[in-house]
Amino acid sequence: MAYSHHDDSFFIESDEPNFQRMNARCAAKMVARQRQDIIASELSRLAGEEYLEDILEHMATMEDETLPDANLIDMQREIQWFMRPYLIDFIVEAHAAFALLPETLFLTINLLDRYCSKRVVYKHHYQLVGCAALLIAAKYGDKKDRVPQINELNNMCCGLYDSGMFTQMEMHVLNTLEWAIGHPTVDFFTQLMAAEERDDAEVEHMAAYLCEIALYHRDFVSTKPSMMARASLALARAILGRPEVNDGEWAHTENVTLLTLSQHLSQPSPTLARKYATPQLSRVSQKLADFMAEQAEMARRAANPPSPPTELAAGKPSDIYSTPQKGHGAAMGFEGYLTPPITPDGAHFGNAQQAQKEAYTSLPPRCPVTPTPHQNQATVFAQQAQQQHAYGQHCMHH
């Protein structure tokens, strides 16, 4: 019978058997979960191979539909391009602090730029729009336990906004974009191309670094992610001394993108450089700095040959990356054009439009966009130089 079993330890108070049974059950669940993940990955791989052509065609359509227009952002009256690096620094730091996925960062910037191309944004709401874009992107494709909390973002903004403003701006961004959030980010195409060409992890890390450098500049706001991925991988291989990949002829716009990207590598954001200085990311920021220093030294020697001048080795191919130049500044904002609807509509967030303007012009922001400002990434026109200097000095004092 079931109750006739004799066990001397039956009345001994001990939790060890329970722990053993519990651990065994947990181990069995973990094994089963791992098997499910393996099966799911294999099914995803098989489905991806079968429908890859259809997936790429759909991605190309989405790429065109969700591409921001930098010319429309030029029409902003208060937002200027020299402010962009400060906001991107803040978003990069927040993205790293919450350990979000790489595609979340690129989707955040895409949502930010698309919104700024459709609505007029006040200077003191620029950071708020960036936070709302980060919230939307994280909820869309990231892990639920890593989605930022509003109070956490508010603390990172030094309490500059009320907690309700984040929710209102989030809804305003979604309505403005008509809830079209999906966007094929540049890291999707980078991983796809790198896998096809069998690039190593170091090349992928360098390409990711170059793509994030491009986020700081107006020149790449309207560049297709697939084009940016191809250019960044080609440039990453050249920087790391990898052989070139013959993946077909390059169109004129792709060549222009590659050349323009090579001209923006001399002074990357210190915030971004610290991010990519870790061993997990192959310390590619230091490798890029060493490469740029070497190229600058080669350019200096070519411009000032020693006496007697030494003849360069014959047959050495020219290198488009040998003389990096500072990027071109963005065009000035147009005056007299019809502007998109004001953000926020009416007297949102508890202040009337006139009171908001007066408060912004009379009082400086309570907190800078980023605690570590860096040198502006693009050459700004002379008419904006004084405004840029004052903005940078304010951030350093705070």
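Modeller: In this predicted model, Ala99 is found in the loop between helix H4 (84-97) and helix H5 (102-116). Its phi is positive, about 55°, although Ala99 is not a glycine.

Biologist: Why is Ala99 called partly exposed?

Modeller: The relative accessible area of Ala99 is 38%. Buried requires under 20% and exposed over 50%, so Ala99, lying in between, is partly exposed.

Biologist: Which residue in the loop between helix H13 (270-275) and helix H14 (284-303) shall we consider next?

Modeller: Arg283 lies there. Arg283 also has a positive phi, near 50°, in a residue other than glycine. With a relative accessible area of 44%, Arg283 is likewise partly exposed.

Biologist: What makes the contact of Asp64 and Lys224 a salt bridge?

Modeller: The nitrogen to oxygen distance between their side chains is 3.0 Å. The cut-off is within 4 Å, for a nitrogen of Lys or Arg and a carboxyl oxygen of Asp or Glu; therefore the pair of Asp64 and Lys224 qualifies. The pair links distant parts of the chain, 160 residues apart: Asp64 is in helix H2 (residues 52-65), and Lys224 is in the loop between H10 and H11.

Biologist: Why does Glu202 count as buried, and what is the label for Arg242?

Modeller: Glu202 has 18% relative accessibility, and buried means under 20%, so Glu202 counts as buried. Arg242, at 26%, is partly exposed. These two residues form a salt bridge, with their closest N and O atoms 2.6 Å apart. Asp200, Glu202, Arg242 and Lys287 are linked in a network of salt bridges.

Biologist: How many salt bridges does a search of the whole structure find?

Modeller: The search finds 12 salt bridges.

Biologist: What is the volume of the largest cavity, and which residues are closest to its centre?

Modeller: The volume is about 270 Å³. Of the 19 residues that line the largest cavity, the closest to its centre are Phe106, Leu215, Phe220, Val221 and Thr223. By class, the lining has 12 nonpolar, five polar and two charged residues.

Definitions and conventions
Residues numbered from 1 in each chain as written. Predicted model: local features only at pLDDT ≥ 70, side-chain atom pairs only at ≥ 80, totals over all residues. Heavy atoms only, no water. Helix = DSSP H or I, 4+ residues; strand = E, 2+ residues; numbered from the N terminus. Buried < 20%, exposed > 50% of the residue type's maximum accessible area, 1.4 Å probe, protein only. 1 Å grid on protein atoms, 1.4 Å probe; cavity = no way out; pocket = protein on both sides within 12 Å on 5 of 7 lines; lining within 4 Å. Points joined across faces, edges and corners; volume = space filled by probe spheres on them. Nonpolar A, V, L, I, M, F, W, Y, C, P; charged D, E, K, R; others polar.
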